[in-house]
Amino acid sequence: MLTLKDTCRIAVVQAAPVMFDSKASTEKAVDLAKKAAEKGAELIVFPELFIPGYPYGITYGFTVGSRTVEGREDWKKYYDNSIVVPGPETEALGKAAEEAGAFLSIGVSERDSLSATLYNSNLLFSPEGELLFSHRKLKPTGTERVVWGDGDKGLFPVAESPWGPIGSLICWESYMPLARVALYEKGVTLYISPNTNDNEEWQSTIRHIAIEGRCYFVNCDMYFTKDTYPKDLNCSDEIAKLPETVCRGGSCVIDPYGHAVTETIWDEETIIFAELDMQKVPASRMEFDPCGHYSRPDVLKLVVQDK
(Lines give C-alpha, C1' and ligand atoms only; values in the text may rest on other atoms or scores of the structure.)
Protein backbone atom coordinates (compact mmCIF):
# COMPACT_ATOMS: atom_id res chain seq x y z
CA MET A 1 0.00 0.00 0.00
CA LEU A 2 1.31 3.40 -0.95
CA THR A 3 1.76 6.09 1.68
CA LEU A 4 -1.62 7.69 2.37
CA LYS A 5 -2.43 11.29 3.16
CA ASP A 6 -3.13 11.33 6.88
CA THR A 7 -6.69 12.68 6.84
CA CYS A 8 -9.66 12.98 4.54
CA ARG A 9 -12.48 15.42 5.21
CA ILE A 10 -15.63 13.80 3.90
CA ALA A 11 -19.17 15.10 3.36
CA VAL A 12 -21.99 12.55 3.16
CA VAL A 13 -25.08 14.13 1.63
CA GLN A 14 -28.37 12.69 2.90
CA ALA A 15 -30.94 14.51 0.82
CA ALA A 16 -34.08 14.12 -1.24
CA PRO A 17 -33.83 14.25 -5.02
CA VAL A 18 -36.19 16.23 -7.19
CA MET A 19 -38.06 13.13 -8.34
CA PHE A 20 -38.35 12.55 -12.12
CA ASP A 21 -36.51 15.82 -12.83
CA SER A 22 -32.90 15.42 -13.91
CA LYS A 23 -32.30 19.15 -14.41
CA ALA A 24 -33.55 20.14 -10.96
CA SER A 25 -31.83 17.16 -9.28
CA THR A 26 -28.53 18.13 -10.92
CA GLU A 27 -28.94 21.75 -9.83
CA LYS A 28 -29.66 20.59 -6.27
CA ALA A 29 -26.56 18.36 -6.30
CA VAL A 30 -24.41 21.27 -7.52
CA ASP A 31 -25.77 23.52 -4.77
CA LEU A 32 -25.20 20.90 -2.06
CA ALA A 33 -21.67 20.23 -3.33
CA LYS A 34 -20.95 23.96 -3.00
CA LYS A 35 -22.23 23.94 0.60
CA ALA A 36 -20.07 20.89 1.39
CA ALA A 37 -17.02 22.59 -0.13
CA GLU A 38 -17.59 25.69 2.00
CA LYS A 39 -16.91 23.49 5.03
CA GLY A 40 -13.74 22.03 3.59
CA ALA A 41 -14.96 18.72 2.15
CA GLU A 42 -12.38 16.86 0.08
CA LEU A 43 -14.70 13.97 -0.80
CA ILE A 44 -18.44 14.58 -1.33
CA VAL A 45 -20.78 11.58 -1.53
CA PHE A 46 -24.40 11.53 -2.75
CA PRO A 47 -26.93 8.64 -2.55
CA GLU A 48 -28.04 6.03 -5.04
CA LEU A 49 -30.02 7.36 -8.04
CA PHE A 50 -29.95 10.94 -6.78
CA ILE A 51 -30.57 11.91 -10.38
CA PRO A 52 -33.55 11.68 -10.99
CA GLY A 53 -34.59 9.85 -7.80
CA TYR A 54 -35.36 6.33 -6.63
CA PRO A 55 -38.97 5.56 -7.72
CA TYR A 56 -39.79 3.52 -4.63
CA GLY A 57 -43.17 1.75 -4.73
CA ILE A 58 -43.90 2.36 -8.43
CA THR A 59 -44.63 -0.76 -10.52
CA TYR A 60 -44.83 0.97 -13.94
CA GLY A 61 -47.75 -1.36 -14.69
CA PHE A 62 -45.56 -4.48 -14.82
CA THR A 63 -47.17 -7.79 -13.88
CA VAL A 64 -46.12 -11.24 -15.06
CA GLY A 65 -46.82 -11.37 -18.77
CA SER A 66 -48.37 -7.92 -19.16
CA ARG A 67 -47.85 -4.17 -18.99
CA THR A 68 -50.18 -1.17 -18.95
CA VAL A 69 -50.29 1.90 -21.17
CA GLU A 70 -50.32 4.16 -18.10
CA GLY A 71 -47.29 2.41 -16.61
CA ARG A 72 -45.41 2.77 -19.88
CA GLU A 73 -46.14 6.54 -19.83
CA ASP A 74 -44.73 6.85 -16.31
CA TRP A 75 -41.66 4.81 -17.27
CA LYS A 76 -41.10 7.10 -20.27
CA LYS A 77 -41.09 10.12 -17.93
CA TYR A 78 -38.41 8.44 -15.84
CA TYR A 79 -36.50 7.45 -19.00
CA ASP A 80 -36.59 11.03 -20.28
CA ASN A 81 -35.03 12.20 -17.00
CA SER A 82 -32.33 9.52 -16.92
CA ILE A 83 -29.03 10.89 -18.14
CA VAL A 84 -26.52 10.00 -20.84
CA VAL A 85 -22.96 9.64 -19.52
CA PRO A 86 -21.13 11.80 -20.49
CA GLY A 87 -23.63 14.57 -21.15
CA PRO A 88 -24.69 18.03 -19.97
CA GLU A 89 -25.48 16.79 -16.45
CA THR A 90 -22.06 15.20 -16.02
CA GLU A 91 -20.48 18.38 -17.36
CA ALA A 92 -22.29 20.37 -14.65
CA LEU A 93 -21.31 17.85 -11.97
CA GLY A 94 -17.70 17.83 -13.11
CA LYS A 95 -17.61 21.61 -12.94
CA ALA A 96 -19.09 21.43 -9.42
CA ALA A 97 -16.34 19.01 -8.37
CA GLU A 98 -13.70 21.28 -9.88
CA GLU A 99 -15.08 24.38 -8.17
CA ALA A 100 -15.24 22.46 -4.89
CA GLY A 101 -11.71 21.11 -5.38
CA ALA A 102 -13.08 17.76 -4.22
CA PHE A 103 -13.80 14.24 -5.37
CA LEU A 104 -17.54 13.90 -5.99
CA SER A 105 -19.50 10.63 -6.01
CA ILE A 106 -23.15 10.53 -7.13
CA GLY A 107 -25.76 7.95 -8.11
CA VAL A 108 -27.66 8.40 -11.37
CA SER A 109 -30.10 6.59 -13.61
CA GLU A 110 -27.95 6.28 -16.72
CA ARG A 111 -29.55 6.07 -20.17
CA ASP A 112 -27.50 4.25 -22.75
CA SER A 113 -26.65 6.58 -25.62
CA LEU A 114 -27.42 3.95 -28.28
CA SER A 115 -30.19 1.82 -26.78
CA ALA A 116 -33.20 2.55 -24.56
CA THR A 117 -31.76 0.55 -21.65
CA LEU A 118 -31.33 2.25 -18.29
CA TYR A 119 -28.62 1.46 -15.75
CA ASN A 120 -28.36 2.19 -12.03
CA SER A 121 -24.92 3.83 -12.03
CA ASN A 122 -22.54 5.57 -9.67
CA LEU A 123 -20.21 8.27 -10.96
CA LEU A 124 -16.97 9.55 -9.47
CA PHE A 125 -15.42 12.88 -10.46
CA SER A 126 -11.94 14.16 -9.66
CA PRO A 127 -11.14 17.56 -8.10
CA GLU A 128 -10.17 18.62 -11.61
CA GLY A 129 -13.68 17.84 -12.86
CA GLU A 130 -12.74 14.67 -14.74
CA LEU A 131 -15.20 11.76 -14.77
CA LEU A 132 -13.00 9.04 -13.28
CA PHE A 133 -15.47 6.18 -13.53
CA SER A 134 -19.06 5.16 -14.08
CA HIS A 135 -19.96 1.96 -12.24
CA ARG A 136 -23.12 0.22 -13.44
CA LYS A 137 -24.92 -1.87 -10.81
CA LEU A 138 -24.22 -5.54 -11.49
CA LYS A 139 -27.67 -6.87 -10.68
CA PRO A 140 -30.69 -4.66 -10.01
CA THR A 141 -32.50 -5.94 -6.93
CA GLY A 142 -35.91 -7.63 -7.17
CA THR A 143 -38.33 -5.76 -9.38
CA GLU A 144 -35.71 -3.08 -10.04
CA ARG A 145 -34.91 -5.42 -12.93
CA VAL A 146 -37.93 -4.19 -14.91
CA VAL A 147 -36.45 -0.67 -14.87
CA TRP A 148 -32.66 -1.09 -15.05
CA GLY A 149 -30.53 -3.58 -16.94
CA ASP A 150 -27.64 -5.65 -15.58
CA GLY A 151 -24.38 -3.73 -15.52
CA ASP A 152 -22.37 -4.52 -18.64
CA LYS A 153 -19.31 -2.30 -18.14
CA GLY A 154 -17.64 -0.35 -15.38
CA LEU A 155 -18.07 -3.40 -13.14
CA PHE A 156 -15.37 -2.90 -10.49
CA PRO A 157 -13.61 0.39 -11.23
CA VAL A 158 -11.46 2.12 -8.63
CA ALA A 159 -9.86 5.55 -8.72
CA GLU A 160 -6.58 6.55 -7.15
CA SER A 161 -6.71 9.32 -4.58
CA PRO A 162 -4.40 10.84 -1.94
CA TRP A 163 -6.07 8.43 0.51
CA GLY A 164 -5.69 5.26 -1.55
CA PRO A 165 -8.05 3.55 -4.03
CA ILE A 166 -11.71 4.64 -3.96
CA GLY A 167 -14.29 2.07 -5.05
CA SER A 168 -18.06 1.76 -5.00
CA LEU A 169 -20.76 -0.87 -4.82
CA ILE A 170 -24.40 0.19 -5.04
CA CYS A 171 -26.94 -0.87 -2.43
CA TRP A 172 -27.45 -4.67 -2.41
CA GLU A 173 -24.31 -5.27 -4.47
CA SER A 174 -22.69 -5.17 -1.04
CA TYR A 175 -24.55 -8.38 -0.17
CA MET A 176 -22.61 -10.12 -2.97
CA PRO A 177 -19.53 -11.60 -1.23
CA LEU A 178 -17.51 -12.07 -4.41
CA ALA A 179 -18.26 -8.53 -5.59
CA ARG A 180 -16.88 -7.22 -2.31
CA VAL A 181 -13.73 -9.29 -2.74
CA ALA A 182 -13.30 -7.93 -6.27
CA LEU A 183 -13.01 -4.47 -4.69
CA TYR A 184 -10.83 -5.67 -1.80
CA GLU A 185 -8.39 -7.16 -4.31
CA LYS A 186 -7.93 -3.66 -5.75
CA GLY A 187 -6.90 -2.36 -2.34
CA VAL A 188 -9.85 -0.05 -1.64
CA THR A 189 -9.37 2.15 1.38
CA LEU A 190 -12.61 4.10 0.84
CA TYR A 191 -15.62 1.89 0.06
CA ILE A 192 -18.49 4.13 -1.10
CA SER A 193 -21.98 2.69 -0.75
CA PRO A 194 -24.78 4.78 -2.28
CA ASN A 195 -27.99 2.99 -1.31
CA THR A 196 -31.65 3.04 -0.29
CA ASN A 197 -31.40 0.73 2.74
CA ASP A 198 -33.10 2.48 5.64
CA ASN A 199 -33.33 -0.54 7.93
CA GLU A 200 -31.54 -1.66 11.09
CA GLU A 201 -30.23 -4.88 9.51
CA TRP A 202 -28.22 -2.85 7.01
CA GLN A 203 -26.48 -1.09 9.87
CA SER A 204 -25.04 -4.45 10.94
CA THR A 205 -23.97 -5.23 7.37
CA ILE A 206 -21.96 -2.04 6.94
CA ARG A 207 -19.99 -2.67 10.11
CA HIS A 208 -19.16 -6.18 8.99
CA ILE A 209 -17.95 -4.98 5.58
CA ALA A 210 -15.74 -2.30 7.12
CA ILE A 211 -14.11 -4.93 9.36
CA GLU A 212 -13.89 -7.52 6.57
CA GLY A 213 -12.40 -5.11 4.02
CA ARG A 214 -10.31 -3.16 6.53
CA CYS A 215 -11.52 0.03 4.89
CA TYR A 216 -13.73 3.02 5.59
CA PHE A 217 -17.35 2.27 4.68
CA VAL A 218 -19.22 5.36 3.51
CA ASN A 219 -22.94 4.67 3.93
CA CYS A 220 -24.93 7.25 1.96
CA ASP A 221 -28.72 6.94 1.88
CA MET A 222 -31.60 9.20 0.87
CA TYR A 223 -34.23 10.84 2.98
CA PHE A 224 -37.43 11.55 1.09
CA THR A 225 -41.16 11.74 1.71
CA LYS A 226 -44.32 10.92 -0.20
CA ASP A 227 -44.80 14.49 -1.34
CA THR A 228 -41.47 14.25 -3.24
CA TYR A 229 -43.26 12.41 -6.07
CA PRO A 230 -44.61 14.38 -9.05
CA LYS A 231 -48.35 14.96 -9.02
CA ASP A 232 -48.82 14.16 -12.73
CA LEU A 233 -47.93 10.45 -12.60
CA ASN A 234 -50.57 7.85 -13.51
CA CYS A 235 -49.73 5.72 -10.47
CA SER A 236 -51.19 8.05 -7.83
CA ASP A 237 -52.93 5.07 -6.18
CA GLU A 238 -49.55 3.36 -5.62
CA ILE A 239 -48.02 6.52 -4.20
CA ALA A 240 -51.03 7.06 -1.92
CA LYS A 241 -50.31 3.71 -0.22
CA LEU A 242 -46.77 4.70 0.73
CA PRO A 243 -45.89 5.89 4.24
CA GLU A 244 -45.42 9.62 4.68
CA THR A 245 -41.67 9.06 5.07
CA VAL A 246 -40.70 6.76 2.22
CA CYS A 247 -36.98 6.47 3.01
CA ARG A 248 -35.59 7.40 6.44
CA GLY A 249 -31.92 7.72 5.54
CA GLY A 250 -29.49 6.22 8.04
CA SER A 251 -26.28 7.62 6.55
CA CYS A 252 -23.00 7.34 8.44
CA VAL A 253 -19.30 6.46 8.15
CA ILE A 254 -17.71 3.35 9.68
CA ASP A 255 -13.98 2.92 10.29
CA PRO A 256 -11.83 -0.13 9.41
CA TYR A 257 -12.39 -1.60 12.88
CA GLY A 258 -16.18 -1.45 12.53
CA HIS A 259 -16.58 1.58 14.78
CA ALA A 260 -18.87 4.50 13.99
CA VAL A 261 -17.00 7.63 12.93
CA THR A 262 -20.23 9.62 12.74
CA GLU A 263 -23.66 9.42 14.27
CA THR A 264 -26.21 7.58 12.12
CA ILE A 265 -28.72 10.20 10.96
CA TRP A 266 -32.40 9.38 10.40
CA ASP A 267 -35.46 11.29 9.19
CA GLU A 268 -33.88 14.50 7.92
CA GLU A 269 -31.97 16.07 5.07
CA THR A 270 -28.45 16.91 6.16
CA ILE A 271 -24.78 16.85 5.25
CA ILE A 272 -22.65 14.73 7.56
CA PHE A 273 -19.03 15.87 7.91
CA ALA A 274 -16.16 13.82 9.28
CA GLU A 275 -12.37 13.79 9.46
CA LEU A 276 -11.13 10.31 8.54
CA ASP A 277 -7.82 9.11 9.98
CA MET A 278 -6.54 7.26 6.93
CA GLN A 279 -3.61 5.75 8.83
CA LYS A 280 -6.14 3.45 10.48
CA VAL A 281 -6.45 1.54 7.20
CA PRO A 282 -2.92 0.08 7.00
CA ALA A 283 -2.78 -0.22 10.79
CA SER A 284 -5.97 -2.32 10.81
CA ARG A 285 -4.44 -4.75 8.30
CA MET A 286 -1.59 -5.75 10.60
CA GLU A 287 -3.30 -8.94 11.74
CA PHE A 288 -5.93 -9.27 8.99
CA ASP A 289 -5.38 -8.31 5.36
CA PRO A 290 -8.26 -9.90 3.39
CA CYS A 291 -6.40 -10.12 0.07
CA GLY A 292 -2.86 -10.19 1.47
CA HIS A 293 -1.29 -12.29 4.20
CA TYR A 294 -4.68 -13.63 5.40
CA SER A 295 -5.98 -14.67 1.98
CA ARG A 296 -4.48 -18.14 1.38
CA PRO A 297 -4.15 -17.70 -2.43
CA ASP A 298 -2.76 -21.23 -2.64
CA VAL A 299 -6.23 -22.64 -1.91
CA LEU A 300 -8.64 -19.77 -2.66
CA LYS A 301 -8.93 -17.77 -5.86
CA LEU A 302 -11.51 -15.34 -7.27
CA VAL A 303 -11.80 -15.07 -11.05
CA VAL A 304 -13.25 -11.70 -12.09
CA GLN A 305 -14.44 -10.97 -15.63
CA ASP A 306 -13.82 -7.25 -15.22
CA LYS A 307 -14.73 -4.81 -18.01
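## Charges over rings

In this predicted model, arginine 111 lies over the face of tyrosine 79, at 5.1 Å from the ring centre, and arginine 136 is placed over the face of tyrosine 119, at 3.8 Å from the ring centre.

## Aromatic pairs

The structure contains 12 aromatic pairs. One of them joins tyrosine 78 and tryptophan 148, whose ring centres are 6.0 Å apart and whose planes stand at 80°, so the pair is edge-to-face. This pair links distant parts of the chain, since tyrosine 78 belongs to helix α2 (residues 69-80) while tryptophan 148 sits in the loop between β5 (131-136) and β6, 70 residues apart; both tyrosine 78 and tryptophan 148 are buried.

The rings of tryptophan 172 and tyrosine 175 are likewise edge-to-face, because their planes are at 80°, with the centres 5.1 Å apart. Tryptophan 172 is partly exposed, at 42% relative accessibility, and tyrosine 175 is also partly exposed, with a relative accessible area of 34%. Trp172 and Tyr175 form one aromatic cluster together with Tyr191, Trp202 and Phe217.

## Nonpolar cores

The largest nonpolar core has 25 residues, and those with the most contacts inside it are Ile44, Phe46, Phe50 and Ile106. At least two residues of this core come from each of β1 (7-14), α1 (22-38), α3 (88-100), β3 (103-111) and β4 (118-125). A second, separate core of 24 residues includes Phe103, Phe133, Ile272 and Leu276.

## Helix α4

Within helix α4 (residues 177-184), the buried residues include Ala179, Arg180, Ala182, Leu183 and Tyr184. Their cover includes β6 (158-159), β7 (166-168), β8 (190-195) and α5 (200-213).

Key: Residues numbered from 1 in each chain as written. Predicted model: local features only at pLDDT ≥ 70, side-chain atom pairs only at ≥ 80, totals over all residues. Heavy atoms only, no water. Core = buried A, V, L, I, M, F, W, Y, C linked by side-chain atoms within 4.5 Å. Buried < 20%, exposed > 50% of the residue type's maximum accessible area, 1.4 Å probe, protein only. Helix = DSSP H or I, 4+ residues; strand = E, 2+ residues; numbered from the N terminus. Contact = heavy atoms within 4.5 Å. Phe/Tyr/Trp six-rings, centres within 6.5 Å; stacked < 30°, edge-to-face > 60°. Lys NZ or Arg CZ within 6 Å of the ring centre and 35° of its normal.
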